Amino acid sequence: MASVPSLASSVNQRVADALASALPEAGGADPLLRRSDRADFQANGILALAKKAKANPRELATTVVASIPAGPDADLISEIEVSGPGFLNITVSDRAIIETLAARAGDDRLGVPYAANAGTTVVDYAQPNVAKEMHVGHLRSAVIGAAMVEILEFTGEKVVRRHHIGDWGTQFGMLIQYLIEHPHELDHKAAGASAEVSGEEAMSNLNRLYKASRALFDSNEEFKTRARARVVDLQAGEAETLAMWQRFVDESKIYFYSVFDKLDMDIQDPDVVGESGYNDMLVETCKLLEESGVAVRSNGALCVFFDEYKGPDGNPTPLIVQKSDGGFGYAATDLSAIRDRVGNLKANSLIYVVDARQALHFKMVFETARRAGWLNDEVKAVQLAFGTVLGKDGKPFKTREGETVRLVDLLDEAVERATTVVREKDKDRGLLTEREIVENGLQVGIGAVKYADLSTSAARDYKFDLDQMVSLTGDTSVYLQYAYARIRSILRNAGDRSPVAHPELALAPAERALGLHLDGFGELIAEAAAEHAPHKLAAYLYQLASLYTTFYTECPVVKPEPELVVGENRLFLCDLTARTLTKGMSLLGIRTPERL
């Protein structure tokens with residue numbers, strides 16, 4: 001089915017046409033329509049146009065109004081009036097609201113259009129490090145990145161996922177050498193080649209090996225020498241060394257995937273392309289930068305300089321692409337990744353969901369890529385920078401012992417708290433089986449963690465407060481999930497009545513408010529996609545649930561039983577609200593249980 005024009009876009013077009021008729025030289029001018037608390041919409045563009053044309057803005061507004069059909073029998077606008085110096089206050093008809101929503105309801109996509117300029121975007125997110133435990137700092141990149149992938153794909157964008165894991169570096173010399181000398185350290189307790197290995201066991205093995213190898217490295221000079229020689233073997237591609245390195249990568253993936261599974265995120269192995277995936281491109285990247293003059297040698301290192309970035313001493317801070325000893329830095333890998341994503345994946349947009357503290361590095365990398373011609377007006381790269389997860393005290397989130405919080409522990413506690421909330425809520429009702437309580441607790445707990453992150457603008461820090469996250473009131477995913485479950489319950493208990501749109505009916509204020517908000521879903525999705533702002537979708541859904549709560553309070557749906565057509569129309573609004581809620585929540589990576 002074709003996309004459904006929103007009421008806002010239809011009204012905007014009517015006003016634009018009338019403006020062009022009243023003031024021909026303003027053809028194509030934007031009426032600057034926005035939602036208003038004085039009417040459904042307000043158009044503010046006439047003032048600037050009148051000033052430009054040296055016309056009286058109120059007279060121009062009056063002329064525009066005269067050419068727009070309005071009234072009780074009009075197809076779109078029931079009332080339009082001039083306000084103040086030349087604003088237009090516009091009220092759409094009840095019929096237009098319900099007819100537009102009925103068209104949305106008839107479409108699997110809820111009438112949301114595909115983007116006209118869809119292309120290919122690579123989203124780089126969820127980037128843990130091999131042989132290291134995932135902690136609370138890994139949460140935001142995963143959650144924000146996954147939501148952006150879903151939102152962009154829903155708009156029709158071709159999205160390539162990339163998980164740039166940390167799988168290369170000098171620390172592997174120490175780890176590999178220790179494993180060669182202690183070959184059973186990564187063996188699993190489970191018997192048989194096909195036995196399942198848990199993420200916890202995989203991480204336990206890696207942690208134990210890391211601590212033992214680090215202790216030996218720090219205390220034994222002979223082992224330290226052997227470990228450093230092993231780094232050379234790794235970089236040279238020596239077969240035994242590479243095989244041992246692969247064991248660390250594979251063991252880490254068992255652990256990574258177990259954590260992402262707990263987060264209800266689908267990570268596919270072909271999308272995991274770590275630092276090592278670009279090793280074969282590093283020499284050529286450096287050669288291209290040096291031959292083009294983008295990078296120059298400075299004290300033996302290959303550097304890119306920027307006038308605008310200076311250190312504390314006032315001297316320019318360079319981006320070091322290759323060190324003086326011949327080793328490659330992060331910049332070489334990141335620039336090679338850009339070459340791969342633009343040249344091989346044919347991306348015209350790159351989004352890096354990375355901690356805000358790496359902003360300077362990525363500014364330098366992107367500017368270097370622009371100077372080299374790998375990025376340009378047709379191919380853009382942006383950092384979707386995110387802030388820090390804080391504890392209740394407003395400081396970086398730590399355990400009582402001052403350690404970084406393990407991500408697995410945090411998720412387990414969220415699920416435990418949420419399960420308690422679900423169980424308590426159901427105690428007097430007895431609607432749920434034990435299996436449903438456990439399953440809902442999982443969905444509510446993980447949803448709570450994701451929503452707390454996504455309802456905050458990515459660039460801002462936010463406080464991790466589980467008590468607030470699993471609250472049934474306020475701006476939480478639990479509130480939205482319960483709103484959805486309540487609607488599903490109403491629809492199940494509607495008896496022989498069905499959701500049917502009745503455009504001929506007059507709407508109550510709460511019905512109008514809910515209907516107008518439902519109609520804005522498509523435009524909101526486009527905005528969230530264009531601005532890389534999943535928090536705007538979260539805010540939309542919270543307002544939708546709040547408007548539904550008011551509607552549910554003021555407009556009886558099933559009991560007391562309204563007149564047949566009124567009840568059917570209200571069931572129609574319930575059904576479309578539920579569909580919009582569950583679609584929006586799914587784009588944020590949050591499930592909506594049918595019964596809570």
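Residues are described here as buried when their relative accessible area is under 20%, as exposed when it is over 50%, and as partly exposed in between, with a 1.4 Å probe and protein chains only. The structure is a predicted model, in which local features need pLDDT of at least 70 and side-chain atom pairs count only at pLDDT 80 or more, while totals for chains, interfaces and linings use all residues. Residues are numbered from 1 along each chain as its sequence is written, and side-chain values use heavy atoms, with hydrogens and water left out.

The protein has 596 residues, of which 51% are buried. Its secondary structure consists of 20 helices and 13 strands, taken as DSSP runs numbered from the N terminus (helices, H or I, at least four residues; strands, E, at least two). The C-alpha trace spans about 90 × 65 × 45 Å along its principal axes. Of the contacts (heavy atoms within 4.5 Å) with a separation of 6 or more, 73% are between residues 24 or more positions apart.

Two packed helices are described by the angle between their axes and the distance between the axes. Axes are lines fitted to C-alpha atoms, for helices over the stretch in contact, and angles run from 0 to 180 degrees between N-to-C directions. Angles under 35 degrees count as roughly parallel, over 145 as roughly antiparallel, 65 to 115 as roughly perpendicular and the rest as oblique.

Helix H4 (residues 94-105) and helix H17 (residues 509-519) have axes that come within 10 Å and cross at roughly 45°; the two helices are therefore oblique to each other. Their crossing is left-handed, a term for a near helix turned anticlockwise from the far one by less than a right angle (right-handed if clockwise). Asp94, Ile97, Thr100, Leu101 and Arg104 of H4 make the contact with Arg512, Gly515, Leu516, Leu518 and Asp519 of H17. This contact has 4 nonpolar, 2 polar and 4 charged residues, where Ala, Val, Leu, Ile, Met, Phe, Trp, Tyr, Cys and Pro count as nonpolar, Asp, Glu, Lys and Arg as charged, and the others, Gly among them, as polar.

For helix H9 (residues 239-262) and helix H13 (residues 407-426), the axes come within 10 Å and cross at roughly 25°, which makes H9 roughly parallel to H13. The crossing of H9 and H13 is left-handed. Tyr255, Val259 and Lys262 of H9 contact Leu407, Val408, Leu411 and Asp412 of H13, giving 5 nonpolar, no polar and 2 charged residues.

The axes of helix H10 (residues 282-291) and helix H11 (residues 330-343) come within 9 Å and cross at roughly 90°, so H10 is roughly perpendicular to H11. Leu282, Glu284, Thr285, Leu288 and Leu289 of H10 meet Ala332, Thr333, Leu335, Ser336 and Arg339 of H11; by class, 5 are nonpolar, 3 polar and 2 charged.

Backbone features were located in loops. Ala131, in the loop between strand E5 (120-124) and helix H5 (139-154), has a positive phi near 70° although it is not a glycine. Ala131 counts as buried because its relative accessibility is 5%. His532, another residue other than glycine, has a positive phi of about 50° and lies in the loop between helix H18 (521-530) and H19. At 22% relative accessibility, His532 counts as partly exposed. Lys559 and Pro560 are joined by a cis peptide bond with omega of about -15°, and Pro560 is in the loop between helix H19 (534-554) and helix H20 (564-587).
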